Amino acid sequence: MAVKHVFLALLAKQPMHGYELKNAFEEIAAGSWPLNFGQVYQTLNRLERDGFIESFEVVQEDKPDKKVYQITEDGRDHLKEWLQQDDHWNLFFDEQALRLMALPLVDSALSGEILKGYRNFILRVIAGLTKMLEEEKDTTSTYYALLERNILRAEADLTWINRMIERWERHA
Amino acid sequence: MKPLYRRLLIVGIAMGVVATSLIIGVGQTLFLQRSRIGNLVSGAYWIYHGGDSPNTIYGMSLDLARTVQSWLPKGTASSAVAVDYGRSIRIGPEFYQSNVVGTDFTFLQFFELEVEGRFFTEEEQETRKRVCAVTSDIYELFGSDLKFITIGDAEFEVVGVVRGEMYRQGAMPLDYSTNSVFLPIEVYYSDIQNEDSLAGLVAEIAVLAPELTKGDLQRVLSANLSSLENAPSLKVLQWGEADRTELVRVLLALTAIFLVAFVVFLLAGLNIVQIASASVYDRHRVFGLKAALGAAPGDIVKEVSQEILGCALQGGYLGVVVAGIVNTLLNHYVGKYWAAFNMVTALAGVVLALVVGWITSLIPARKAAMIDPVKALREER
Amino acid sequence: MLELNGISKVYGQGASQVEALRDVDLNISPGEFVAVMGTSGCGKTTLLNIIGCLDTATSGIYTLQGKDVSRLSLKDKARVRNKTFGFVFQAFNLLAEYTVLENVTLPLRYSGVPKRRWKEQGLGVLERLGIADLSSRYPDQLSGGQQQRVAIARALVNDPEIIIADEPTGNLDTGTGREIVSVLCDLVEKQKKIVILATHDGAVASRAQRLLQMVDGRIIDDSTVPTGAVSFSHPAE
């Protein structure tokens with residue numbers, strides 16, 4: 001259901017039907033997040049149920065009627081609220097955070113390997129992301145910004161893991 | 001090298017060169033003239049009627065001269081001297097300009113002279129004979145044809161040729177060594193100047209009194225002068241004295257210049273080393289980089305030395321030019337005492353600048369070569 | 001080509017002694033692109049300085065192209081640096097009062113190459129880096145990327161076998177940094193040179209082949225740079 005707010009944002013701009021919505025979303029993500037129709041309609045139903053969007057039928061001459069969705073006032077308010085940053089930061093924002101907690105429980109040699117393994121992983125991530133960044137020509141696009149963010153996070157993680165390795169080495 | 005440093009270095013070296021040329025010039029002069037100061041001849045004096053300055057001579061009458069000579073103790077040799085410069089004399093058909101000097105027969109004693117023939121004698125002086133002696137240069141002009149000299153209307157027989165140094169380090173800048181004709185002073189008065197013995201033609205009385213000091217002589221004079229009416233001011237000078245006073249004054253001034261020049265020289269030297277070092281320190285990142293790229297210590301020493309020598313050369317040229325000007329000025333004011341400034345001295349100045357430049361470049365060049373590239377490049381901009 | 005055996009470097013004396021390198025063993029052959037990573041003060045720069053003959057080890061043996069260069073005289077070290085190494089620094093270190101061409105030909109001055117050949121050699125290497133048109137400009141007229149290219153040109157002018165780069169992309173934006181690393185990659189692939197590079201940047205390190213990790217003056221990891229794709233996912237999965 002993570003996509004629902006983005007749908008709201010898309011619909012806040014203009015009413016769309018399901019198919020258009022899926023395309024718009026996938027375009028912003030530049031192919032890194034393909035959706036299936038099942039997810040799309042599930043999300044839309046949810047949104048409608050919550051009163052954030054409403055739908056209406058559009059009669060078409062040669063084609064079957066399509067359902068078009070548009071945002072409600074409640075929807076706009078909800079979106080606005082969601083777009084504002086809350087004072088909330090997840091300390092355990094990914095799997096690695098949890099693994100970190102498990103690390104001390106493992107013997108020293110293994111933990112060293114794990115740390116190096118993570119370092120290598122991060123390097124591959126950075127290499128991959130960098131390549132994707134090079135291929136994205138539009139430096140003003142959302143996708144570009146997304147990649148940049150990921151690269152910087154990965155670089156930060158690299159600095160962190162190097163420190164972890166240093167500490168492990170000194171301890172050993 | 002930054003332009004500022006370059007200019008300072010050039011000026012510094014130029015100052016050093018000027019200072020050195022002054023030091024050498026003054027040093028030379030002091031050394032040469034020093035021997036002249038020492039020459040106070042003991043027991044030899046001049047008595048003259050003069051003013052306060054050693055060069056002011058009023059002249060006395062022959063009468064007064066004879067009186068003064070009578071006061072001198074026994075065993076003292078003296079001679080009255082009167083001079084006419086640039087007097088026209090005739091030898092054969094030719095006219096000639098020379099000094100005509102009237103003296104006593106004792107005149108020869110006062111100098112170390114060689115005589116071919118003879119000087120005029122006491123008897124000839126007493127009998128007012130028209131005889132004379134000449135200096136060697138006149139004789140060389142005319143040779144053995146020279147038998148008679150006509151001065152005015154009077155004809156004189158040449159009886160001797162005198163050779164020797166007669167320049168006296170004494171009261172007056174009178175030099176009889178060349179171009180002079182010597183004859184008895186009474187004859188000088190009567191036949192050449194047509195004056196009587198009261199005319200103040202006597203320039204001085206030369207005295208040889210080995211037993212007396214200058215003070216003794218002065219006492220003798222003052223004791224006797226007090227009994228005269230209208231006593232003239234008679235001065236006594238020891239041989240070498242007057243010249244000495246003036247010389248001493250000049251030499252003191254020169255010594256002052258010497259000391260100042262020496263201080264300037266030292267300061268210039270320090271300045272050069274300072275500038276060269278500062279210029280290296282300023283650029284130590286650059287030298288560190290060059291070392292990192294493969295400059296061996298020898299390469300850097302060469303680079304720094306060349307830079308400094310380049311400035312030294314320019315400083316040398318500048319210094320020589322300025323030294324030339326300073327020397328010309330000094331020559332103008334101190335003239336006869338000053339040592340020469342010529343092509344050799346100029347060349348020496350440039351060479352000196354190069355040597356100084358090279359020596360002072362040694363330390364900064366070495367420092368530059370020893371810069372550790374690791375340290376130099378590590379520092380943040 | 002170069003071999004370090006038991007290399008240590010100690011600074012200072014007595015109580016305030018610092019062991020910048022401890023007993024380092026390392027072997028690098030031609031055609032290797034080596035990245036050195038580690039937190040500040042781990043000894044990366046010291047290692048690079050010793051390899052590049054900018055600094056001398058306090059103990060251990062350093063063999064370069066078969067010759068023991070562990071304790072050479074200053075003069076001989078300079079000669080080795082000039083001939084065998086090219087240096088690229090984070091701060092570019094170009095001389096502001098010289099033109100680009102003069103900067104690039106600086107190493108030639110100390111290499112015994114006759115002066116008449118300098119211009120030609122300098123322009124040659126500038127052309128290979130695509131910046132021959134900048135030859136008469138001054139460093140302060142160039143962008144960061146251009147300056148670093150000039151620095152690389154300078155490092156290459158004597159055709160050295162080994163390039164030492166200490167955080168070469170540190171003062172450059174990401175795009176330019178990538179280009180510079182591409183140039184270095186080329187040198188390794190096409191000319192079989194050795195490139196040894198110290199970096200914090202993961203993007204740079206990931207383009208090397210061999211990764212050294214240093215902690216407290218020791219190499220604690222010496223392995224191939226990991227390759228292989230990572231799959232990028234999104235929340236719905």
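**Notebook: helix packing, sheet and interface**

I record here that the model is a predicted one.

**Entry: helix pairs of chain A**

I then took the geometry of this pair. Helix α6 (residues 108–135) of chain A and helix α7 (residues 142–171) of chain A have axes that come within 9 Å and cross at roughly 160 degrees. Angles over 145 degrees count as roughly antiparallel, and α6(A) and α7(A) are therefore roughly antiparallel to each other.

Helix α1 (residues 4–13) of chain A packs with helix α2 (residues 18–28) of chain A at an angle of about 110 degrees, and their axes lie 10 Å apart. This angle makes α1(A) roughly perpendicular to α2(A). Which residues make the contact? I found Val6(A), Phe7(A) and Leu10(A) on α1(A), and Leu21(A), Ala24(A) and Phe25(A) on α2(A). By class, the contact of α1(A) with α2(A) holds 6 nonpolar residues, no polar and no charged.

**Entry: the sheet of chain C**

I traced an open sheet of 6 strands in chain C, with the order β6-β7-β8-β3-β9-β10 and mixed pairing. Which strands stand at the edges? They are β6 (85–88) and β10 (218–224) of chain C; each has a single partner strand, so one side of each is left without a neighbour in the sheet. I noted an average twist of 20 degrees from one strand to the next.

Within the sheet I checked one pairing in detail. Strand β3 (residues 33–37) of chain C pairs with strand β9 (residues 210–215) of chain C in the parallel sense, over 4 bridges. In this part of the sheet, Met37(C) stands opposite Gln213(C) of β9(C).

I then looked for helices lying across these strands. Helix α1 (residues 44–51) of chain C lies across β3, β7 (162–166), β8 (194–198) and β9 of chain C, and runs at about 155 degrees to β8(C). Helix α7 (residues 174–191) of chain C lies across β3, β7 and β8 of chain C, and its angle to β8(C) is about 150 degrees.

**Entry: contact of chain C with chain B**

I counted 18 residues of chain C in contact with 16 residues of chain B. On the side of chain C that touches chain B, the elements giving two or more residues are α2 (74–84) and α4 (106–109) of chain C. The most comes from α2(C), with 6 residues. I divided the residues of this side of chain C into 10 nonpolar, 4 polar and 4 charged.

Asp23(C) has a phi near 50 degrees, a positive value in a residue other than glycine. I located Asp23(C) in strand β2 (residues 18–28) of chain C.

Gln65(C), not a glycine, has a positive phi of about 50 degrees. I placed Gln65(C) in the loop between β4 (59–64) and β5 (67–68) of chain C. With 13 C-beta neighbours inside 10 Å, Gln65(C) counts as partly exposed.

Key. Residues are numbered from 1 along each chain as its sequence is written. Chains are lettered from A and ligands numbered from 1 in the order in which they are written. This is a predicted model: local features need pLDDT of at least 70, side-chain atom pairs count only at pLDDT 80 or more; totals for chains, interfaces and linings use all residues. Two strands pair if DSSP finds at least two bridges between them. Axes are lines fitted to C-alpha atoms, for helices over the stretch in contact, and angles run from 0 to 180 degrees between N-to-C directions. Two residues are in contact if their C-beta atoms, placed from the backbone, lie within 7 Å. Angles under 35 degrees count as roughly parallel, over 145 as roughly antiparallel, 65 to 115 as roughly perpendicular and the rest as oblique. Ala, Val, Leu, Ile, Met, Phe, Trp, Tyr, Cys and Pro count as nonpolar, Asp, Glu, Lys and Arg as charged, and the others, Gly among them, as polar. A residue is buried if 20 or more other C-beta atoms lie within 10 Å of its own, exposed if 12 or fewer, and partly exposed in between; C-beta atoms are placed from the backbone.
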